[in-house]
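Colleague: I have not looked at this one before. Can you walk me through it?
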Amino acid sequence: MSSADRTVSLSHRTAATPDVDDFTRPWWDAAAEGRLLVRRCGACGRAHHYPREFCPHCWSDDVAWEPVSGRATLYTWSVVHRNDLPPFDARTPYTAAVVDLAEGPRMMTEIVECAEADLRIGMELEVAFREEGGGVVVPVFRPAAEVSRRARSSGA
């Protein structure tokens, strides 16, 4: 699917549909291909997310897109039981979360494929991708495959 194919018409927009512009298009294109990107500073070497045209650590504008592993740990979460905005209303309850990417930055996201009772701070997660309205693909996180295998084998 090309960038032009992912242009979102106003009739397909929902509260979950992000604004895609020329600056963020590489991030959205990578997500549509099943890859997660962050920005890394060439001056101080630190990665950051959300995408910015400058480094929030040293203010350098020597920043570039970089693919990351998609591994993360759960920092915090909240289970949302009520949201009146489409498409969130049909998804309740859902888990809004903040994760620490293995490469350092924190990222707001949603946890999927995991019961609320199984959530633990520090649990290992991996990125997955979900198509939203208008063909935009967003990263979400689920328990890492290794964690899921260990839980099944222990009877948890």
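Modeller: What follows goes from the overall fold to single residues. This is a predicted model, where local features need pLDDT of at least 70, side-chain atom pairs count only at pLDDT 80 or more, and totals for chains, interfaces and linings use all residues. Residues are numbered from 1 along each chain as its sequence is written, and side-chain values use heavy atoms, with hydrogens and water left out.

Colleague: What is the mean pLDDT of the chain?
Modeller: The mean is 87, and 83% of the residues reach 70 or more. pLDDT is the predictor's confidence in each residue, from 0 to 100.

Colleague: And where does it stay under 50?
Modeller: Over residues 1–10. The model has 16 contacts beyond four places in sequence for that stretch, a contact being heavy atoms within 4.5 Å.

Colleague: How many helices and strands are there?
Modeller: The protein chain has 3 helices and 8 strands, in the order α-β-β-β-β-α-β-β-β-β-α along the sequence. They are DSSP runs numbered from the N terminus: helices are H or I with at least four residues, strands are E with at least two.

Colleague: How much of the chain is buried?
Modeller: Of its 156 residues, 39% count as buried. Buried means under 20% relative accessible area, exposed means over 50%, and partly exposed lies in between, with a 1.4 Å probe and protein chains only.

Colleague: Different topic. How many disulfides does the structure hold?
Modeller: It holds 0 disulfides. Cys-55 is in none, and the nearest cysteine sulfur, that of Cys-44, is 3.7 Å away.

Colleague: Is Cys-55 buried or exposed?
Modeller: Cys-55 is buried, with a relative accessible area of 0%. Cys-114 counts as buried too, at 18%.

Colleague: What about pockets, how much space lies in the largest?
Modeller: About 650 Å³. A pocket here is an open set of points on a 1 Å grid over the protein atoms alone, with protein on both sides within 12 Å along at least five of seven lines; a 1.4 Å probe fits at the points, and lining residues have an atom within 4 Å of a point. Points are joined across faces, edges and corners, and the volume is the space filled by probe spheres set on them.

Colleague: Which residues are closest to its centre?
Modeller: Of the 23 residues lining the largest pocket, those are Trp-28, Met-108, Thr-109, Val-138 and Pro-139. The largest share of the lining, 4 residues, comes from strand 6.

Colleague: Where are the cis peptide bonds you flagged?
Modeller: One joins His-49 and Tyr-50, with omega about 15°. Another runs from Thr-92 to Pro-93, with omega near -10°; Pro-93 is in the loop between helix 2 and strand 5.

Colleague: Where is His-49, and what is it in contact with?
Modeller: His-49 is in the loop between strand 2 (47–48) and strand 3 (63–67), and it counts as buried at 18% relative accessibility. Beyond its neighbours within four places in sequence, its contacts include Trp-27, Leu-37 and Pro-105.

Colleague: Is Trp-59 buried or exposed?
Modeller: Trp-59 is exposed, at 62% relative accessible area, and Glu-113 is exposed at 62%.

Definitions and conventions: A disulfide is a pair of cysteine sulfur atoms within 2.5 Å.
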